[in-house]
Amino acid sequence: MGLGGCIILIAVGAILTFATDWDMQGVNLDLVGVIFMIVGLIGVATFSSIARRRRVVVPPATPVVEDPARPHTRDGYSDGYGV
């Protein structure tokens, strides 16, 4: 279950808990909504901890060699325009 599924669980749980006044025999919708919200929050916490572990920065295995900076001189003739 991804982050989107967890957010949907939280939203459905909040709707069941706070926005409905249905009465079903044998089912407490307020309790079901609270359970959905708790499961969604646990899922968000788990997903964020797993995502944080995946973002580990690994240094490059080969050394990076940069070219030495060459001074740039422009005299008007060596760039091809004065030929």
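## Basis

The model is predicted: local features need pLDDT of at least 70, side-chain atom pairs count only at pLDDT 80 or more, and totals for chains, interfaces and linings use all residues. Residues are numbered from 1 along each chain as its sequence is written, and side-chain values use heavy atoms, with hydrogens and water left out.

## Helix H1

Helix H1 spans residues 3-18. Helices here are DSSP runs (H or I, at least four residues), numbered from the N terminus. H1 has 16 residues and reaches 22 Å from first to last C-alpha. That is close to the expected 22 Å at 1.5 Å a residue; the expected span is 1.5 Å times one less than the number of residues.

Cys6, Leu9, Gly13, Leu16 and Thr17 of H1 are buried. Viewed down the H1 axis, the buried residues fall within an arc of 95°, so they line one face of the helix. The arc is taken from the directions from the helix axis to the C-beta atoms. Ile8 and Phe18 are exposed on the other side of H1. Buried means under 20% relative accessible area, exposed over 50%, and partly exposed in between (1.4 Å probe, protein chains only).

## Thr17 and Val34

Thr17 sits in H1. Its relative accessible area is 15%, so Thr17 counts as buried. A polar atom of the Thr17 side chain lies 3.3 Å from the backbone nitrogen of Val34.

## Helix H2

Helix H2 covers residues 29-54 and includes Phe47. Asp30 is also found in H2. Asp30 has a relative accessible area of 38%, so it is partly exposed.

At 44% relative accessible area, Ala45 is partly exposed. Its C-alpha is 9.5 Å from that of Leu3, 42 residues away along the chain.

## Surface patch

Leu3, Ile7 and Phe47 make a nonpolar surface patch of about 250 Å². Phe47 is partly exposed because its relative accessibility is 34%. Patch residues have over 30% relative accessible area and no salt bridge; like charges are joined within 9 Å, and nonpolar side chains (Val, Leu, Ile, Met, Phe, Trp, Tyr) within 5 Å. A salt bridge is a side-chain nitrogen of Lys or Arg within 4 Å of a carboxyl oxygen of Asp or Glu. Accessible areas come from the Shrake-Rupley method with a 1.4 Å probe; for residues, only the protein chains shown count as cover.

Conventions:
Helix = DSSP H or I, 4+ residues; strand = E, 2+ residues; numbered from the N terminus. Polar contact = N/O pair within 3.5 Å; in protein donor to acceptor, adjacent residues only side chain to side chain.
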